[in-house]
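Subject: Structure handover

Hello,

Here is the structure for your files. My notes on it follow below.

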Amino acid sequence: MKRFWNWIRNEAGGRVLRLEGPIDEESFWGDEVTPKAFREELEADSGDITVWINSPGGNVFAAAEIYTMLRDYQGTVTVKIDAIAASAASVIAMAGNKVLMSPVAMLMIHDPSTIAMGNARDMEKAISTLNEVKESIINAYAFKTGLTHSRIAKLMENETWMNAKKAVELGFADEILFEAVEPEEDPDEEAPDEREGDTDPEEEKEDGIYLTAQMYSSRQMGLTILNRLGVREERPPSDTPKPPVEGKPPTGPEPPKRPVLDLDGKTEDGSVPYNILLKQLECMR
């Protein structure tokens, strides 16, 4: 029998269980030897347990039995996912009092599947069994995450892969391994809005730089690009007459200067006018 689990001791003398590879191999479900051996080793000692999981999944009934054993264990069970906890392995992960994931680990949940053969009644029975198995898995996920039944059912139906941050966000994990602990705030330090001065409330200071919240306009961005290209927006002619110059009669408003377009959309000097460039930029967004 090839075992997918291994008990070790860490440097502090604590109990560590490593679940690696497919859950079940060819035994565990349908026999009495493997579950019995696992339970005997689990109950051979006391104290808190750290369970490391790196498994693509396996037999759902084997996972359900391990889940129940860990949930029933008297000590605290901390689950740590170092690479992957997919399918049936994700069910075992839900047994932890606390679940932590490596920042590069993945957790995957999906609908159970099976192989069936026989007549129509056999197929109907297989479908009914799969539906009941799914319900049992949803119970484990819901107990851990607090998500609704319909939400979990949809996530399973879509075969949802979660990185560490997503798993924490949805409640499948509690923390991310190796994540730096943020320093506690000094209670004596004044809050930004309590400091003296006329600081803009829309500004917040970060590393000595004031950042101002703004809304960005695509037209304004287009103008910025055109200005960098040396293209200027046409201004409407001024109605104010120019001041008279000594020895010359006063002049009226300056006539508008508009480029003459060629058939290819360019001006006489070969440049593309502002309004056409702006339209092109808008089409590229």
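Arg15 has Ile49 in strand E3 as its bridge partner. The model is a predicted one. That pair belongs to the sheet: E2 (residues 15-20) and E3 (residues 49-55) are parallel and share six bridges.

On the E1 side, strands E1 (residues 5-9) and E2 run antiparallel, with five bridges between them. Trp7 lies opposite Leu17 of E2. Five residues separate the two strands in the hairpin, where Gly13 has a positive phi near 85°.

Trp5 is also in strand E1. Its relative accessibility is 3%, under the 20% cut-off, so Trp5 counts as buried. Beyond its neighbours within four places in sequence, Trp5 is in contact with Leu17, Arg18, Leu19, Thr34, Ala37, Phe38 and Glu41. With Glu41 there is a polar contact between the two side chains, at 2.8 Å. Trp5 and Glu20 are 15 residues apart in sequence, and their C-alpha atoms are 6.3 Å apart.

Helix H2 (residues 60-72) has 13 residues and spans 18 Å from first C-alpha to last, close to the 18 Å expected at 1.5 Å a residue. Its buried residues include Ala62, Ala63, Ile66, Tyr67, Met69 and Leu70. These cover an arc of only 165° around the axis, so they sit on the same side of H2. At the start of the helix, a side-chain oxygen of Asn59 comes to within 2.8 Å of the backbone nitrogen of Phe61.

Regards

Key: Residues are numbered from 1 along each chain as its sequence is written. This is a predicted model: local features need pLDDT of at least 70, side-chain atom pairs count only at pLDDT 80 or more; totals for chains, interfaces and linings use all residues. Side-chain values use heavy atoms; hydrogens and water are left out. Two strands pair if DSSP finds at least two bridges between them. Helices (H or I, at least four residues) and strands (E, at least two) are DSSP runs, numbered from the N terminus. The expected span of a helix is 1.5 Å times one less than its number of residues. Buried means under 20% relative accessible area, exposed over 50%, partly exposed in between (1.4 Å probe, protein chains only). The arc is that of the directions from the helix axis to the C-beta atoms. A polar contact is a pair of N or O atoms within 3.5 Å; within protein, one must be able to donate a hydrogen and the other to accept it, and residues adjacent in sequence count only if both atoms are side-chain atoms. Contact means heavy atoms within 4.5 Å.
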